[in-house]
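Please look over the sequence and the structure below before reading on.

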Amino acid sequence: MYKEKDFGTPASSATQTVNLEIDGFKVTAPAGTSVMRAAASIGIEIPKLCATDSVEPFGSCRLCVVQIEGGRGMPASCTTPVAEGMKVVTQNKKLADVRRGVMELYISDHPLDCLTCSANGDCELQDMAGAVGLREVRYRPITTHLNAVKDESNPYFSFDPSKCIVCSRCVRACEETQGTFALTIDGRGFDSKVSPGQNEAFMDSECVSCGACVQACPTATLMEKSVIDHGQPEHAIVTTCAYCGVGCSFRAEMKGEQVIRMVPNKDGKANHGHSCVKGRFAFGYATHKDRITKPMIRSSIKDAWKEVSWEEAIAYAASELKRIQAKYGKDSIGGITSSRCTNEETYLVQKLIRAGFGNNNVDTCARVCHSPTGYGLKKTFGESSGTQDFDSVMDSDVIMVIGANPTDGHPVFGSMMKKRLRQGAKLIVVDPREIDLVKNSPHVHANHHLKLRPGTNVALINALAYTIVTENLVDEDFVKTRCDVASFEKWRTFIAQEHHSPEASESITGVPAAEVRAAARIYATEKNSAIYYGLGVTEHSQGSTSVIGIANLAMATGNLGRSGVGVNPLRGQNNVQGSCDMGSFPHEFPGYRNVADKATRTLFENAWQVELSGTPGLRIPNMFEAALDGSFMGLYCEGEDIAQSDPDIKHVHAALRAMECVIVQDIFLNETAKFAHVFLPGSSFLEKDGTFTNAERRISPVRKVMKPLAVYADWEVTQMLSNALGYPMNYTHPSEIMDEIASLKPSFTNVSYAKIDEMGSIQWPCNDEAPDGTPIMHTEHFLRDNGKGLFMLTEYVATAEKVTPMFPLILTTGRILSQYNVGAQTRRTDNVAWHSEDRLEIHPHDAEDRGVVTGDWVGIKSRAGETVLRALVSERVQPGVVYTTFHFPESGANVITTDNSDWATNCPEYKVTAVQITKVMHPSAWQQSYADFSEQQLELLETAQQNG
Amino acid sequence: MSITIYVSADSSAVSLGADRVAAALVKHAQERNIEINLVRNGSRGMYWLEPLVEVEVNGERLAYGPVQVSDVANLLDSGLIYGRKHPLFLGATEEIPYFKKQQRLTFARVGITDPVSLEDYVAHDGYLGLANALKMNQTEMVKHVTDSGLRGRGGAAFPTGIKWNTVLNTPSEQKYIICNADEGDSGTFSDRMIMEGDPFVLIEGMTIAGLAVGATQGYIYLRVEYPHAHIALNAAIAKAYKANYLGENIQGSGKTFNLEVRLGAGAYVCGEETSLMESLEGKRGLVRFKPPLPAISGLFGKPTVVNNVISLASVPVILHKGGEYYRDFGMGRSRGTLPLQLAGNLKHTGLVEVAFGMTLRELLYDFGGGSATGKPIKAVQVGGPLGAYLPESQFDTPLDYEAFAANWTVLGHGGVVAFDDTANMAELAKYSMEFCAAESCGKCTPCRIGSTRGYEVMDDIINNVDREKNIVLLRSLCDTLLNGSLCALGGMTPYPVLSALNHFPEDFGVDA
């Protein structure tokens, strides 16, 4: 199997170069490069164990010693920087003696079980023993670590200290790469040993199981249990993680069609060789026994499922859709594209709907997460996307995180952000809750935590803007040259009104005015300030207003158009950006072009050879309304679980029950499928080719590493359905779909599979103007028609969801590191070891008032419904605010969320629900009835599988 | 008229009973209605005479010692306060040959003044170095130190002026001065003596260092095993702040220098400058690789002077009397004086500050008076636990860095520990490995594993298990330690081991 080259030490970013000679060969290397790396660059491999290019050099193993002409002794090549004219010798008798002496010491405290060792074939210690020619261990060791006890507590990897060589690579990876500092060396001298936490088991320590230590370990000490069970992989395929919007590049290391392990790709431009517990380890769901691999149909959701052939399932689905259209009209059916599927698949689903269904009833789950981002950034900047690449954060001096929790939600980017914060960047956290970045990440703390009341984002952002404008902190040059000046002047007058002042807003937001002013000052005055935000911004009744307010802040302070600054939405799912780009919204064709626009429509009509509707279709909530009205009767839902993820879930369930044909295409019988009539088995990201686009607009390859369990990839299923409906699709490979996308989407003109293969990944826009893509947008001009950034007014309007004596607390939601979204994937992995149920965080004061202690069952009642969770009393939330995650369907978090939504995009107001909390003894009535329903549906599935 | 009596508060003197003697003096004098002014000074460094009681008579200090509590009444009754003869009477302190033959530049005030009296310090030429320094620019200050030829007294003997110059020329908004007061070498005590006996000289030296290189913050990294020094330093620092010798705008100069004492946690390796800085930063005492040099990227990544106590305490006299004055002492490239510490099996243990150049033999016999047991001196370990053992054939080596290096021996911090002919050198070699194993920080492989293996190999040699093979293995291990170790702990452990083996093979059961 091809192994990634390890240069021993990280690359130097210096532009100045140095010339030297190594073993008589001339080398030129950037200043600051280690002698080891310079040697590796010309193919001279100096023996090494403690050095690896993912962490800073340490100089402890002493295998890499070299001699330097005119220098004393034998310096370690990993810690010796190159110097002009330096002459290095890497091999001679004296060096060989020292290396062999060191290796003899290592092996005097190492088990001699290479043949049965899990690292056999992938062990650097073994390689180095071979390289230095160790033939004998002359010591008669008495004191050893050979009887050290294994720690098997982590579900994914084992820790065998008897094989540890104390190179500290794991400790350094935990510190430098992940930033968790869970590992240390305990004891000193010969007693030195790797210790999770304070001599705890891995699972009891602060370890977040990101895998960086396992990745860094040169021996079998930290080893994936999958490798212990199955042996070394034999080939590797580079692909992209299907979890969050960071879009980490991975090597799927395989044995035939079996994934042995997922290893973060060092060349991955989003993750640079780092990973989190989900992408690194939680891939077992892809082959979980719950996978449904045969198509199924039934005429009523009360009926048992019947396993059928693909032909029959597709024909049935098509006939039902045709029947419904014949009976209820052309617009009575629609579909939902998935932010988890590939760009190509998403593109195909919306094409099927627009061209095959003949209407624009297509929407995507971005509706419920980042639709305000699309709206707000399109309006102000001219493009519905974040402005930066992830690496930009390493140039930031101030980082403002609003309504996002990167260390849980976007952990790999969170680690990069923490690295920058440890280097001294200042941090402003705007969040009702104390996320880990505030003060629970080692060596990181927020300079300002603006702990606002949920639902008051706009008031707070306005107060920041007020401070910037009235304290003369505006970057006038930037505004004059880059922005629409008339809009700015209007905004300046608007925002300078007294009611926007931090003092006036304090009673709304609960944030002390002085804190707001201080934060605004550093944001406006430090060299590079960047904003990162998440669903805490968008999922509000004023989500779009907040996004616009953020854009205004960045423009007013000139924090756009270069590295270190920008407006950065952190996308929740792997392909939220992509699904939006691909035209998943009912009013927009691919590339965010309005369906009502004649010229655009003509372009697509010509390409697709069909007449297209110019009327925007239904958004997801409208589909539900229409279903209950009796005018929307058929739904094709690919890779989404609206029956769990959408707000006011009882309403959603009623709508689904009202439909005559619900077609679900998914890898599992998800919650939505329990209401379905046709089930088309989907394929996991490991089973198909395609691309995902991450939060930094990076189009990354998804590669088929195994055959689809259900025979077809999702794009093939969509194509079959389309053909059955009479709209022909004849793609033979997803690359052809991408070629079609590139031909229709101006920002994708130069994108092709060939180019992606060549570059590894591409950040759009990638066209003649930017042939190799665009890491940072709006560098010269904005993408609006006149090239100028537009300021828009952002009046604060309080949400209708108000606290009252009946509902005195505000519930807000978030997610946790080990689980992902609705949990369909992660709940089917060992990640449940970290988080096996959703809990309700409640402040000690509120808990005390209600006699609640941690672990109690509490009823959560809102205007929409009621559910029950166990309580976790915590000061992370402020008094008056309760918080929960929503990873488990039985939690029913969306039973209580309301149908309030963003004024512009209908993005649900998930983040603000007025509730009352009471101590209870039983699950809620909804939970009981839903449990019964679920059980019944699983029985109906079993019937199908027994008969099939 | 009150009589001034001096009893040392030095911890060695205290361990020999000085506190009890002082208390007895006060009590018995009171009983006799004798008004005495008791001063607890530093030690004169003649430990075999401690507790030493000095009485000032007509401006001259006369000595009695060693004094036990049971002697006190008798001494007073015999006319101690008039300097009358007594079996313990030693005459004028400064005429005692051991003391008289020394050249005390750095230790000029130790044993003479009240250690924590700023007035006393100033009255004995204290702060004259700083006064001169304040009249100079930074380059001139550094030049005096460079000209003096002062080399690091901690053991590495790196030219102090060059180190200071590097820090001076490395631009940074913050620089630091660190005094390495983690004096962990066995048989050494000069740092302790001066910190207990004349803390102001260290404070003055650090202040000058700070002014010279542009550092505004200094730290004294003091080993926790020195509680008396801790008290003395803190008392002196408080007085220096109060009198504006520390803090902002020192003596109206507009210059700032702040100083505080930080305690170690008992690790020998934290006397190594890079692990010392790790420890100061609040981390595990793990050795850092170099480069970067601490002078360029030291404490918290800032340019840092790390100097030993004696190096810094030698700075005031250099700035007071000029680099040339100091340079006039010594030989070859070893300039000035070295405070040597005599310990182990010697008659006259104590501190001897002399110019470089005297032979080891003179030191052992003329000062040390030969072995305490009267048996022949078999070997002398110079330079602490990592120093080589010198056999009698090397006793004529002059005390000079280069002359010692030529013998594959080291002067180090000037600790001299003598052994008589009952010492078994193989056991001592095993002890060296044991010491290394106990004190290794555990970072580099040779030291982490090699020291433990070395101990085991020595055990086999001593027990005659595969002795010949194990001698070969021991030499090969020493080679790995010497060439492969990250710092001097592993890198120098072979010095005592191999010198013992090479000079005393018979103790290892090997034919000479």
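What follows is a short briefing, grouped by topic.

This is a predicted model, in which local features need pLDDT of at least 70 and side-chain atom pairs count only at pLDDT 80 or more, while totals for chains, interfaces and linings use all residues. Residues are numbered from 1 along each chain as its sequence is written, chains are lettered from A and ligands numbered from 1 in the order in which they are written, and side-chain values use heavy atoms, with hydrogens and water left out.

**Domains of chain A**

- Chain A is assigned domain 1 (17–91), domain 2 (296–369 + 576–743), domain 3 (376–569) and domain 4 (809–933), the bounds coming from an automatic or database domain assignment.
- The centres of domain 2 and domain 3 of chain A, taken over C-alpha atoms, are 36 Å apart, and eight residues of domain 2 are in contact with 13 residues of domain 3, contact meaning heavy atoms within 4.5 Å.
- Between domain 2 and domain 3 of chain A about 870 Å² is buried, with 46% of that given by carbon and sulfur atoms; buried area is the accessible area (1.4 Å probe) that two parts lose on being put together, summed over both.

**Interface of chain B and chain A**

- In this interface 33 residues of chain B are in contact with 34 residues of chain A.
- The area buried between chain B and chain A is about 2800 Å², and carbon and sulfur atoms give 56% of it.
- Of the area that chain B buries against chain A, 22% is supplied by B:Arg284, B:Arg448 and B:Arg453, more than by any other three residues.
- The rule finds two salt bridges across the interface of chain B and chain A, a salt bridge being a side-chain nitrogen of Lys or Arg within 4 Å of a carboxyl oxygen of Asp or Glu.
- A:Arg140 forms a salt bridge with B:Asp460, and the closest N and O atoms are 2.5 Å apart.

**Helix 12 of chain B**

- Eight of the eight residues of helix 12 (residues 273–280) of chain B are buried, so this helix is largely enclosed by the rest of the structure; buried means under 20% relative accessible area, exposed over 50%, and partly exposed in between (1.4 Å probe, protein chains only).
- Helices (H or I, at least four residues) and strands (E, at least two) are DSSP runs, numbered from the N terminus.
- The buried residues of helix 12 of chain B pack against helix 8 (160–168), strand 6 (176–181), strand 7 (217–222), strand 8 (258–263) and strand 9 (304–308) of chain B.

**Salt bridges**

- A search of the whole structure finds 73 salt bridges over all chains.
- B:Lys27 forms a salt bridge with B:Glu31, the closest N and O atoms being 3.6 Å apart; the two are four residues apart in helix 2 (residues 18–31) of chain B and so are separated by about one helical turn.
- B:Lys143 forms a salt bridge with B:Asp147 at 3.0 Å between the closest N and O atoms, and B:Asp147 is partly exposed, with a relative accessible area of 24%.
- B:Arg333 and B:Glu402 meet through their side chains in a salt bridge (3.0 Å, N to O).
- Because B:Arg333 lies in the loop between strand 10 (330–331) and strand 11 (334–335) of chain B and B:Glu402 in helix 17 (residues 401–406) of chain B, the pair ties together parts that are 69 residues apart in sequence.
- B:Arg333 counts as exposed at 52% relative accessibility, whereas B:Glu402, at 28%, counts as partly exposed.
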